[in-house]
Amino acid sequence: IRNVPVDTFEDLLAAGPLRIKQVWATLFARNLPFYTFVGLKALLVFLSARRLCGWSPDYLDFISAALPAPTHDKYAKVRTGDVFLSAEEEAQVVIYLENLATQCRQEPEQVPDSTLFQGGMLLCSYLFGMRPYQIAQVKVRDVRIWDSPEQDTPTVHVTFYMAKQKRQASVFPMTRRIKQEWSPIIARVLEKAHSSGCSGDSRLFQVSSAREVSQAIQRLATRVTDVETSAMDLRHTAAQRLVDAGASQEEVAEFLGHSDITTGL
C-alpha cells in the first residue's frame, strides 16, 4: 500500500462503492506492483466488515469480482532460474557451514551465540529446504543426539513439522538427519539451550517469530554468497538439488512437506 500516492489513496477512501471503479482504473494506469492491489483489496474488505466509508459486508462479492488485479505469475522466477543459487554460491554456503562445524567441534566456546544460532538456521534452510516458520517452531525436545565411539561427530536428528496445511490433522512430523560433518553445529545449539535452562518446549534457536528466522537467514546467506539470498531461494535450491540427483515427484513432495505431489512441479 505504501506504493500508492497519498492523493490517490485519499481518493480511494473517499470513492465508496459508487466511484471505486474509476479510482481503480487510475491505479491500474500507474503500473503498481501486484501485491499493492492485493493490499488495497484487503483494505476494502476491512472497510466493508466495519461498515466504514460507505462500504458494508454486502459488497464483499463485488470487491472480489469487479476489481481486477494485474496478471501475476508467482512462478516466474522459478522458470527463469532466478531463485536458484549458482554452484559457486552453494559452494560458499557449504564452506561456511563446514568452517562453523569445525569451530564448534574444536573451539565451541569461541563461537558467539548469534553466529551459532544463525548458522544452525541457515543449515536447516539450505540442507532441508525448511521454511522459516518450520525452523522457528523446532523445540528443544525435537532434537535427538547419539554419540558413537566409531565417529568423531555425533549423529543428530531434528524433527520439523509440515506447514501451510489446511487441516491440523495433516501436519505430520518430518524427521531429518543432519549431515554428519555438520552435526556439531546443532549439537552445540542444543547444548546452549540446556545450559540456558531451556525446557523441552522452548524454541531451539531462541527466536520469537518466523519473521526473525527469515531475516536472520537472509542476512547471513546474503553475506556468505555475496548476492541477495532468501530462505525461499535456499528452499528452491534444495528441491532442485534433489531433482538433479534423480529424485521422483513423490520424493520431492515428501522432502518439501507437500501434501499434494503436483505442487513441486
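Asp226 is exposed in this predicted model, with a relative accessible area of 68%. The residue belongs to the loop that lies between helix 9 (210-225) and helix 10.

Arg51 is placed in the loop between helix 2 (34-50) and helix 3 (60-66). Arg51 counts as exposed because its relative accessibility is 58%, and exposed means over 50%.

**Ser48 and its surroundings**

Helix 2 also contains Ser48. Ser48 is buried, and its relative accessible area is 0%. When neighbours within four places in sequence are left aside, Ser48 is in contact with Trp55, Ser56, Pro57, Tyr59, Leu60 and Ile63.

Two of these contacts of Ser48, Trp55 and Tyr59, also meet each other as an aromatic pair. In total, the model has 8 aromatic pairs. The pair of Trp55 and Tyr59 is edge-to-face, with 5.6 Å from centre to centre and 80° between the planes. Trp55 is buried at a relative accessible area of 2%, whereas Tyr59 is partly exposed at 31% relative accessibility.

Elsewhere, Trp24, Phe28 and Phe37 are linked by ring pairs into a cluster.

The residues discussed so far for which an accessibility is given are collected below.

| Residue | Relative accessible area | Class |
|---|---|---|
| Ser48 | 0% | buried |
| Trp55 | 2% | buried |
| Arg51 | 58% | exposed |
| Asp226 | 68% | exposed |

**Packing of helix 6 with helix 10**

Helix 6 (residues 113-128) packs with helix 10 (residues 231-244) at an angle of about 40°. The axes of helix 6 and helix 10 are 6 Å apart. On the side of helix 6, the residues that take part are Leu122, Ser125, Tyr126, Leu127 and Phe128. They meet Ala231, Leu234, Arg235, Ala238 and Arg241 of helix 10. Sorted by class, the contact consists of 7 nonpolar, 1 polar and 2 charged residues.

Within this contact, Arg241 lies over the face of Tyr126, at 4.3 Å from the ring centre. Another charge over a ring involves Lys179, whose charged end sits over the ring of Trp182, 4.4 Å from the centre of that ring.

**The strands**

Strand 2 (residues 155-161) pairs with strand 1 and with strand 3. Strand 1 (residues 143-146) and strand 2 run antiparallel and are joined by 4 bridges. In this pairing, Val143 stands opposite Val158 of strand 2. Strand 3 (residues 173-177) and strand 2 are likewise antiparallel, and 5 bridges connect them. Here Phe160 has Met174 of strand 3 as its bridge partner.

Strand 2 is also mostly covered, since 5 of its 7 residues are buried. In a regular strand, side chains alternate between the two faces of the sheet.

Key. Residues numbered from 1 in each chain as written. Predicted model: local features only at pLDDT ≥ 70, side-chain atom pairs only at ≥ 80, totals over all residues. Heavy atoms only, no water. Axes fitted to C-alpha atoms, helices over the stretch in contact; angles between N-to-C directions. Helix = DSSP H or I, 4+ residues; strand = E, 2+ residues; numbered from the N terminus. Contact = heavy atoms within 4.5 Å. Nonpolar A, V, L, I, M, F, W, Y, C, P; charged D, E, K, R; others polar. Phe/Tyr/Trp six-rings, centres within 6.5 Å; stacked < 30°, edge-to-face > 60°. Buried < 20%, exposed > 50% of the residue type's maximum accessible area, 1.4 Å probe, protein only. Lys NZ or Arg CZ within 6 Å of the ring centre and 35° of its normal. Pairing = 2+ DSSP bridges.
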